[in-house]
Amino acid sequence: AWVRGRRFYMQTLPFIPENAPFTAEQRLWLNGYLAGLYSDASKQSPGPSLPAPEPAQPLLILYGSQTGTSEALARKISTAAKKRSFIPRVHGLDQFAQLDWTKEENLLVITSTYGDGEPPDNASGFWAYLSGDNAPKLERLRYSVLALGDSNYEAFCQFGKLCDQRLEELGAQRVHARADCDVEHDATATAWTEGVLTSLQSNEALTNPLAITAGDSAFSVVAEATVEPSGYSRKRPFPARLLVNRLLNAPGSAKEVRHYEIALDSSVLSYETGDALGVIPSNCPELVSEIIAALGCDGEEAVVSADGTETSLRLALTQIYDICRPSNELLAAAAGRSTDELLGTLLNPGKSSELKQYLQGREVIDVLHGLRSPLPPAEFVTLLRKLQPRLYSISSSLKAFPDQVHLTVGTVRYDSHGRRRKGICSTFLAERCDSAMPLPVFVQTSHSFRLPQNPETPVIMVGPGTGIAPFRAFLHERRAVGAKGRNWLFFGDQRRATDYLYEEELEGMRHDGHLSRLDLAFSRDQEEKIYVQHRMLAAAGELWQWLEEGAHFYVCGDASRMAKDVDTALHTACENGGGLSVENAAAYVQKLKAEKRYQRDVY
């Protein structure tokens, strides 16, 4: 009706103005429609006709995300696609059931990998569907996959690889090679985006399915063209100031967990509860000096850093490179010079599990001490990984602590192969950072770990050890906004006398009713070890009742064991408390995930 009422557009300008009451996609379609009408009208009057634009292609972009990185990339790729005249739709992989897969034509999957090659939380249902016997045939679908991971882990980008393979098995046509991104993903993701959009527009299927991995030479030029985002970020951290460094454990504890309070200017760097704080550390100076000595250098030797600029060897090893975990490139270079003949054999294909066991507790310095002759410093730095930021769950609320961010960090110290080892960032915070030096930080937004929007909604939180961090933030946030919803916390550690983190705060909240229920599990205080999952099972009836009343369920902590045990306990609690079968309990838990009522912050 709007178009019919304004037929003069066909006689004047063949386009819809930006202030017209349409979306960008509708305006694009109407422009093509009016261009055709204008062309027909122009045949009856003098003047050249204008060709109709190429029809826009629909594009489905699905993301699997644990921390929000894949989602952010998906939305960035959507913006690039719009500029190429696609009509993109962006959804989480947990929305797969709402799609009509028989009608989809173009698909991009952007996904991370969690744990030992598992899908991220919002992709578990999608993978069960895609890998099942009833998965649909996808012959008309054209696709490509962007996989995110960390090459420090054996199952690097594994879930993205599985998605790529399964889509092909179901008949979909791969139009562009999968890209496997390491932690520094910008260059690889940018090149993949350009390549895949070009491939989709050319309507050609890919004949060579080999994946492109981060570091391939094809991406070196793209890295130079990447535009750094405005504001504070991983590439441009905020220079914060450490205010408080307090040990939370009592004397006699086997652990060292510290509470940090960091000053922020929240007008330029703010966060929400559920977010993580990225900390950019520097390496231990004693370890740097030992490596320099092992290389036979004095530290003043000129080397080229990762960004192509020249710097001193000492500065490069202190601030730029990871000098703890050996890279595959360093191991390969060292194999021919090492006095340890076993190292060379472990680099052979099929020996990954043996190599992983060999490297347990070994670091770069161990590799250097095993060489018959030292590596030249210029070559050595090219064999190291870049020093990466560490992400920590934020344990404070800006509403409760204005202009501050708090962290709860376990300091890593252990002995192996006759040496004392230190965690890079945890000991940086504990030993080497003080109020006199700037602390480089940035906020890592989490789109999938949030309190319920309704403050009346009850929440159940399971956070043993340092997993308490985001739930301390949740509790302070709920109190600051006056949320009336009930709060239930499961917390545990080794011993109550030495490891009850934030005891005074939690007991105060229990006493005044802000914590409706607090279940504690201290594993070493009795002969039989008791963990948070055991407390969950003991309270299965009430746990089920809370869930039926709309409670949101949260888990934070170790992914390899605790999170899996808690997930199993949640299924069992639904069976025992709700009288469900194994199959119905699994469907119930899956429904909690789909409704974003079951969220995890695991690492």
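H185 sits in the loop that joins β6 (179-181) to α6 (186-202). Helices here are DSSP runs of H or I with at least four residues, strands are runs of E with at least two, and both are numbered from the N terminus. The model you are looking at is predicted, so local features need pLDDT of at least 70 and side-chain atom pairs count only at pLDDT 80 or more, while totals for chains, interfaces and linings use all residues. Residues are numbered from 1 along each chain as its sequence is written, and side-chain values use heavy atoms, with hydrogens and water left out.

Is H185 buried or exposed? H185 counts as buried because its relative accessible area is 17%, and buried means under 20% (exposed is over 50%, partly exposed lies in between, with a 1.4 Å probe and protein chains only). The side chain of H185 makes a polar contact with the side chain of D186, at 3.4 Å. A polar contact is a pair of N or O atoms within 3.5 Å; within protein, one must be able to donate a hydrogen and the other to accept it, and residues adjacent in sequence count only if both atoms are side-chain atoms. Not counting residues up to four places away in sequence, H185 touches T69 and L73, where contact means heavy atoms within 4.5 Å.

Let's step back to helix α5, residues 158-169. Its twelve residues reach 17 Å from the first C-alpha to the last, close to the expected 16 Å; that expected span is 1.5 Å times one less than the number of residues. Which residues of α5 are buried? They are F159, G160, C163, D164, R166 and L167, and they pack against β3 (106-112), α4 (124-130), β4 (142-148) and β5 (173-174). After α5 comes G171, with a positive phi near 100°.

Now follow the chain to helix α9, where you will find A316. A316 counts as buried because its relative accessibility is 0%. Leaving aside neighbours within four places in sequence, A316 is in contact with V303, T311 and Y321.

Our last stop is D322, in the loop between α9 (313-320) and α10 (328-335). D322 is buried yet has no salt bridge, and the nearest side chain of opposite charge, R390, is 4.5 Å away. A salt bridge needs a side-chain nitrogen of Lys or Arg within 4 Å of a carboxyl oxygen of Asp or Glu; Lys and Arg count as positive, Asp and Glu as negative, and His and the chain ends are not counted. A polar atom of the D322 side chain does lie 3.4 Å from the backbone nitrogen of R325.
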